[in-house]
Amino acid sequence: VRESNFTKLCNTTTLLVVNDSYPGPEIRVHRGDTVFVNVHNQGNYGFTIHWHGVKQPRNPWSDGPEFVTQCPIQPGTNFTYEIVLSDEIGTLWWHAHSDWTRGSVHGAFIILPAKKETYPFPTPDADQTVILESWYDGDYKQIIDDALAAGVSPRQPNAYAINGHVGDTYGCPNDTIFRMQVDSEKIYLLRIINAAMNEHFFFTIANHTLTVVAQDASYVRRFTRDYILISPGQTMDVLVSANRNVGQYYMAIRPFSDSSAAPVDNITTGIFQYTNSEGGLNASLITLPVMTDTDAMINFLDQIRNTNVSQNPGINVPADKDIKTRAFIAIAVNNLPCNTCVLGTRLVASLNNVSFVSPRIDILQAYYNRNMSGVFTEDFPLNPPVFYNFTGDLTNFNTPIEEGTRVIVVNYGEGVEMVLQATQMGAGGSHPIHLHGFSFYWVGTGFGNFNNKTDPSTYNLVDPPLINTVHVPGRRWVAIRFFATNPGVWFMHCHLERHSSWGMDTVLIVRNGKTKKTSIRPPPSTMPRCPGT
């Protein structure tokens with residue numbers, strides 16, 4: 001991992017990348033494998049790598065979030081991650097998990113079926129990874145460091161990219177466009193990853209239909225649309241048939257936003273190119289929902305269901321009687337006073353009025369060794385300290401915010417339910433919430449404020465999607481459930497990177513069970529040392 005130069009938008013930028021490539025190299029393995037990745041830091045500052053969506057059973061030591069499960073890999077040193085796969089199948093990804101370094105340090109993590117295992121759909125003729133990105137002319141770490149020092153929102157990206165290409169819409173004649181070469185009448189599996197910093201994306205291929213077959217490395221009931229919606233952190237596996245007239249067709253992305261802090265409404269293009277196609281594009285008209293089309297967002301999300309195929313783990317949703325920990329979490333963006341900031345205040349973000357503060361010694365080490373006090377407290381509030389009209393007009397409304405490293409602690413094996421409530425605090429809008437160490441069941445969603453008397457009756461406990469990153473739409477709530485069967489220290493955060501940087505995070509600690517097989521593995525002797533220790 002080292003600095004390398006890239007030229008886009010007629011401008012040359014130095015970025016920290018893996019093996020001199022943006023995006024970084026793709027890792028291809030089989031279901032159930034254990035993978036060892038040795039990361040050599042030849043850059044100028046420390047960072048970590050996270051294996052997004054890999055549950056890492058009993059092995060939080062290799063999960064990666066900085067100062068949660070490890071301290072950074074310092075320049076001139078290396079660390080080998082042990083990535084333990086279990087039932088994940090399909091498309092995941094890896095990315096840096098320190099400040100904003102993931103903007104340039106990321107790549108695909110493809111999990112092929114195990115030997116003699118088949119797909120639960122017609123076997124595709126080929127597959128293609130499609131990584132959606134935010135392109136900044138500048139160092140990603142410097143961008144967020146400067147914004148945090150000033151107390152303001154980080155600047156918008158200069159472009160969006162598909163597999164590192166910004167396409168033909170930004171006006172620089174030297175820019176490249178991603179081309180996917182296809183043969184007529186063949187079926188292709190697209191492995192789509194939203195690696196963008198702060199943008200949900202609509203994705204389409206002109207004149208072709210898209211059949212969604214998996215999300216977050218778990219198969220879903222197949223459904224077909226003209227577009228998909230994918231949030232930061234999420235992955236989707238999509239079948240597309242090259243069954244149109246031979247030619248060249250645009251693939252395109254555009255951001256979705258239901259927030260008053262909207263992204264730049266740029267369309268970025270690629271080309272779905274049939275072999276032996278001559279001349280120009282067959283369909284230059286790109287039909288994507290407009291950026292603010294919340295109906296298109298809801299209509300897409302409503303289609304996603306689990307599927308009871310043998311290649312998926314059996315559906316095992318905690319029933320009401322299994323739930324031992326219930327959390328109702330209000331998601332907000334807030335302000336705190338700041339004497340050194342541009343506006344006299346600084347932007348922070350919170351879960352249940354707690355803005356997460358990253359410690360200087362990782363939480364996992366402090367928890368496992370039991371001999372370090374003052375790193376975290378086990379008192380994250382399971383309900384908002386103040387109930388208000390979360391989804392109403394909150395102009396001039398404020399609610400007190402505390403900063404701290406406060407975690408949720410649950411017992412091994414217990415059923416957990418979390419209701420995630422979007423609020424209109426700050427700019428409002430959607431939040432992709434990611435939980436490390438687990439895939440969870442997305443059992444419910446609804447408009448407005450969650451009602452704990454009536455809304456649980458609307459839950460889908462039959463075929464809820466099994467995912468690791470849930471899209472919580474603006475002015476709505478979602479409910480998730482899971483069994484806490486993975487002992488360890490697991491980060492939970494918004495995957496909009498500015499929100500996570502501002503403190504829209506917490507940590508779930510799952511205590512050890514009663515046996516060795518239900519307890520955290522001992523740490524490797526090679527864990528990076530924390531600064532000052």
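**Ground rules.** I am working with a predicted model, where local features need pLDDT of at least 70, side-chain atom pairs count only at pLDDT 80 or more, and totals for chains, interfaces and linings use all residues. Residues are numbered from 1 along each chain as its sequence is written, and side-chain values use heavy atoms, with hydrogens and water left out.

**Record.** I looked up UniProt, where an unreviewed entry lists "domain: Plastocyanin-like" for residues 2–114, 128–276 and 380–513. Positions are in the numbering used here, feature names are shortened, and annotations may be inferred rather than shown by experiment. Residues 2–114 came out as 0% helix and 44% strand, with end C-alpha atoms 34 Å apart. For residues 380–513 I noted 4% helix and 41% strand, and 22 Å between the end C-alpha atoms.

I then turned to β1 (residues 2–8) and β2 (residues 11–17), which run antiparallel and are joined by 7 bridges; strands pair if DSSP finds at least two bridges between them. N5 has T14 in β2 as its bridge partner. The two strands make a hairpin with 2 residues between them, and L9 in the turn has a positive phi of about 55°.

**Sheet.** In what order do the 5 strands of the open sheet run? I read β11-β19-β18-β13-β16, with mixed pairing. β11 (178–182) and β16 (227–230) are the edge strands, each pairing on one side only. Neighbouring strands are turned by 20° against each other on average, direction ignored. Axes here are lines fitted to C-alpha atoms, for helices over the stretch in contact, and angles run from 0 to 180 degrees between N-to-C directions. β18 (residues 248–256) and β19 (residues 268–274) run antiparallel, joined by 6 bridges. I253 has T268 in β19 as its bridge partner. Helix α2 (residues 294–301) packs on this sheet, touching β13 (200–205), β16 and β18, and its direction makes about 90° with that of β16; contact means heavy atoms within 4.5 Å.

**Pockets.** I used a 1 Å grid over the protein atoms alone: a cavity is a set of points where a 1.4 Å probe fits but cannot get out, a pocket is an open set with protein on both sides within 12 Å along at least five of seven lines, and lining residues have an atom within 4 Å of a point. Grid points are joined across faces, edges and corners, and a volume is the space filled by probe spheres set on the points. The largest pocket has a volume of about 740 Å³. Of its 32 lining residues, L148, S358, R360, S500 and S501 are the closest to its centre. α1 (140–150), β21 (345–351), β22 (354–356) and α4 (497–502) each supply at least two lining residues.

The second largest pocket holds about 400 Å³. K55, D87, S439, F483 and T485 are the closest to its centre among 23 lining residues. β30 gives the most to this lining, with 3 residues.

**Cavities.** How many cavities of 30 Å³ or more are there? I count 4. The largest cavity has about 60 Å³ of space, and its lining includes K55, D87 and S439.
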